Amino acid sequence: MSLLRIFSLGGFFFLTCQFALAQSNSSPTPETTRPVSVTPSGPQITFNSVHVEGPYVAITFDDGPHATLTPKLLDLLAARKMKATFFVVGENVVEYPEILKRAVREGHEIASHSWSHPNLGKMGDDGVRRELQKTDDAIKAAIGVRPTLMRPPYGSITARQKIWINESFGYRIIIWDVDPLDWKRPGPSAVCQRIVNETRPGSIILAHDIHPPTIEAMPATFDQLQEKGFKFVTVSELLAMARPLPPKPASTVRPPRAAPAAGTAPAAPAPAPGTPNG
Ligand SMILES: [Zn+2]
């Protein structure tokens, strides 16, 4: 029922993202800084993207749930049988638990994005612990299970925090490798083009379900990514598909002078088509 309404409302943006580029840039609510670089030692805790063998990607929506935009987004996802991951803010979880329940019913993943969206990297441990514990409890109260993933607001978190948060809460820390900067409200067309151009197999795509232009961009974004063959899974599903990077081609080490017969190229393992290198 509401599906029809969504399609008629979003119809203008449905087929392509090549509509007018000029859009407003109101209310800069900075969400993103640069992604934290990953320097794993021991089991990997932080992920910007995942090496997978196949056209799998995870799209993530931060800062919700939002009273109207998140349900609208859920309609769009359901119509395409796509799964997403929602990094929710605890304050909004207690406001809209029914929306979270619906998201879970429809196969999406719920993950923590702190209670009040502070810059965790600049906070003391006690404050960070409170932010995460309250959110963990609110998600458990809403959907019956605790999250296993966390994304720090602004991608801001220290190496030391990552370790104790992982030890205390069991969370893996999820950043992203595709960032359309949609919080700057560059217009639906730009959001769509940035995501479609930058997404690779194993990508973790960042977007926000609290900005109307982001939701307007999604029909074209989803359709174009699906046309390119991408398949959408939750972040946990993507992490479960992680494969070690293939060994580098042996070009850096010269084989000990085994002169190949003329016309025969040395055999190198062919990389799987479409696999990224990082
Ligand atoms: Zn955020």
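Predicted model: local features only at pLDDT ≥ 70, side-chain atom pairs only at ≥ 80, totals over all residues.
At what angle do helix 7 and helix 8 pack, and how far apart are their axes? Residues are numbered from 1 along each chain as its sequence is written.

**Figure 1. The protein has 9 helices and 8 strands.** Helices (H or I, at least four residues) and strands (E, at least two) are DSSP runs, numbered from the N terminus. Of the 278 residues, 42% count as buried, meaning that 20 or more other C-beta atoms, placed from the backbone, lie within 10 Å of the residue's own.

**Figure 2. Helix 7 (residues 188-198) packs with helix 8 (residues 212-227).** Here's the answer: the angle is about 35° and the axes are 8 Å apart. Axes are lines fitted to C-alpha atoms, for helices over the stretch in contact, and angles run from 0 to 180 degrees between N-to-C directions. Two residues are in contact if their C-beta atoms, placed from the backbone, lie within 7 Å.

**Figure 3. Helix 7 is largely enclosed by the rest of the structure, because 8 of its 11 residues are buried.** Among them are Ser189, Gln193 and Arg194. Strand 7 (204-208) and helix 8 are included in what covers the buried residues of helix 7.

**Figure 4. Helix 2 (residues 69-79) also packs with helix 8.** This time the angle is about 5°, with the axes 10 Å apart. The two helices are therefore roughly parallel to each other (angles under 35 degrees count as such). Leu69, Lys72, Leu73 and Leu76 of helix 2 meet Pro212, Ile215, Met218, Pro219 and Phe222 of helix 8.

**Figure 5. The largest nonpolar core has 61 residues.** Such a core is a set of buried Ala, Val, Leu, Ile, Met, Phe, Trp, Tyr and Cys residues joined through C-beta atoms within 7 Å. Ala58, Leu73 and Ile205 are among the residues with the most contacts inside this core. Helix 8 supplies the largest share of the core, 6 residues. Leaving aside neighbours within four places in sequence, Ile205 touches several residues, including Ala58, Trp176 and, from helix 7, Ile195.

Terms used
Buried ≥ 20, exposed ≤ 12 C-beta atoms within 10 Å, placed from the backbone. Parallel < 35°, antiparallel > 145°, perpendicular 65-115°, else oblique.
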